[in-house]
Amino acid sequence: MSSLVWWRDAVIYQVYPRSFADADGDGMGDLRGITSRLDHLAELGVDALWMSPFYPSPQHDAGYDVADYRDVDPRFGTLEDFDALVAAAKARGLRVVVDLVPNHTSSDHAWFKAALEAGPGSQARERYHFRKGLGPDGELPPNGWQSVFGGPAWTRVPDGEWYLHLFDTSQPDLNWDLAEVRQMFVDVLRFWLDRGVDGFRVDVAHGLIKESGLPDWTEAQVPITSPGAEHRTPPMWDQDGVHDIYREWRRVLDSYDGDRMMVGEAWVSPAERMARYIRPDEMHQAFNFSYLMAPWTAAEQRTAITDSIAGVAPVGAVCTWVLSNHDVVRHASRLGFELGHSTQGGIGVGDPQPDEALGLRRARAATMLMLSLPGSAYLYQGEELGLPEHTTLPDGERQDPTWFRSKHEVRGRDGCRVPVPWQQDAPSFGFGPGAASWLPQPADWGRFAADAERGVPGSTLSLYTEALRLRRSYELGRGVLEWNDGDDLVDFRNGGIRVITNFGQVPAPLPPGEVLLASGDLAADGSLPPDTTAWIRA
Ligand code: GLC
């Protein structure tokens with residue numbers, strides 16, 4: 001692998017198109033809105049943006065239900081708007097990564113409509129997983145598989161057959177044993193590569209192949225799948241056959257110039273299983289969700305970091321690091337709870353509420369720790385503003401299918417998807433020209449607006465901007481860690497910088513040296529307060 005490829009140490013900023021910026025004023029973000037805010041990303045100093053889906057979709061799962069893989073949903077704009085966005089990004093030195101959703105289509109996709117029409121036994125049904133049900137009249141689902149969003153993973157159609165959907169009923173799983181399905185996605189890759197994208201984020205990369213015969217599995221879905229002594233690998237996840245698909249895609253990407261890349265969303269552990277997705281002839285990167293989920297203690301963070309680095313070494317890949325995305329509670333809120341409190345199901349009005357100040361203090365420390373690590377880091381829109389989760393979103397406003405499919409037991413992911421505040425004093429805080437947005441923003445979000453933080457010493461935006469500048473100039477993304485001991489500290493040297501995070505209850509003395517950046521104020525005697533990270537010139 002060339003040491004010069006851009007993605008090795010890239011910082012990639014996730015844009016969630018529905019919620020980034022709304023140019024046409026309909027209350028939902030769009031591509032022209034994204035283009036209008038690219039200067040923000042360039043000034044922040046990231047290398048690339050990854051956009052969640054903007055393809056034609058009925059939006060039953062916020063666009064992760066794709067009805068046409070080669071177009072732009074009119075809600076978000078046109079293919080011309082997309083081309084203009086790519087050109088504007090390139091002009092600012094920003095790369096563009098798009099989302100690819102291969103595990104399932106939307107039930108509005110032409111293939112699924114044809115399958116419904118053609119009926120049982122037809123070729124058209126082969127593209128999905130249609131089965132007869134169990135029971136005398138086939139009135140029971142073909143097996144006990146559960147949907148990730150809650151409830152059974154099967155839905156019955158009027159002619160009596162059932163189809164498989166690991167997510168919402170509106171997201172039928174494709175049958176990847178079919179050459180025609182494989183060819184379609186190769187064509188889709190080429191379509192976007194030809195339009196100049198630098199890479200793909202591959203949705204549910206561990207799900208495409210199902211164990212043959214769809215053997216029964218009645219256990220509930222867990223966030224991270226791992227084979228264990230008493231548990232074989234669940235038949236819907238992490239099957240060996242997925243790797244052939246990524247090898248084929250890799251050949252397609254390699255046939256283009258410009259170091260095009262793929263990053264997989266694969267919720268698998270342990271690290272050795274993850275590493276299989278990033279072997280030299282497969283994907284370039286995979287998201288590091290074990291790191292995202294690591295508890296806020298020195299020991300757990302140290303283990304998460306060293307295990308991650310050790311895990312990718314055998315395959316010669318680079319590590320990735322991530323703290324927030326559109327599927328989890330934002331880390332500024334997640335870290336505001338007592339150790340051991342799970343935010344897995346989202347946060348609602350009646351739930352325990354995070355300590356906002358504590359959450360933000362830890363989030364800033366966590367981000368500085370993350371940005372000091374070698375490899376590639378992923379940021380989620382708004383975290384550079386210190387944006388918390390919307391934790392008091394009225395239940396009546398919720399749109400996440402998880403909320404509905406769990407019969408209102410799991411609040412879901414809407415709280416991290418609330419539109420970004422750009423201006424302190426503007427309708428919808430500058431998200432768009434209209435006052436309303438598809439999810440309501442908390443009334444006090446002007447505090448986090450980009451224009452309230454830009455250029456302000458100590459603001460979270462200033463902290464991110466400075467951390468990214470130092471990360472680049474000290475080449476932290478390409479370094480090697482040398483660890484120091486410390487009970488309540490994560491303490492290492494990465495090239496010219498010593499990084500120390502204090503997880504303890506009391507301030508920790510700092511070694512001599514110039515403090516280049518700290519995530520919070522140092523104590524009067526110069527020591528490092530709890531929940532704070534410092535970068536010291538080594
Ligand atoms: C991935 C996406 C998530 C989506 C799901 C189904 O996990 O990140 O948002 O709901 O796949 O496509």
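Lys and Arg count here as positive and Asp and Glu as negative, with His and the chain ends not counted. Each charge is placed at NZ of Lys, CZ of Arg, CG of Asp or CD of Glu. On that basis the chain has 49 positive and 77 negative side chains. The centres of the two sets lie 3 Å apart.

This is a predicted model, in which local features need pLDDT of at least 70, side-chain atom pairs count only at pLDDT 80 or more, and totals for chains, interfaces and linings use all residues. Residues are numbered from 1 along each chain as its sequence is written, and side-chain values use heavy atoms, leaving out hydrogens and water.

Now the overall build. The chain holds 16 helices and 16 strands. These are DSSP runs, numbered from the N terminus: helices are H or I of at least four residues, strands E of at least two. The radius of gyration is 23 Å, close to the 24 Å of the globule rule for 538 residues, so the chain is as compact as a globular protein of that length. That radius is taken over C-alpha atoms, and the rule is 2.2 Å times the number of residues to the power 0.38. Of the 538 residues, 61% are buried (under 20% relative accessible area, 1.4 Å probe, protein chains only).

Three strands form an open, antiparallel sheet in the order 4-6-5. Strand 4 (130-131) and strand 5 (154-156) each have a single partner, so one side of each lacks a neighbour in the sheet. Pairing requires at least two DSSP bridges. Strand 5 and strand 6 (residues 162-164) are joined by 3 bridges. Thr155 stands opposite Tyr163 in strand 6.

Conventions: Buried < 20%, exposed > 50% of the residue type's maximum accessible area, 1.4 Å probe, protein only.
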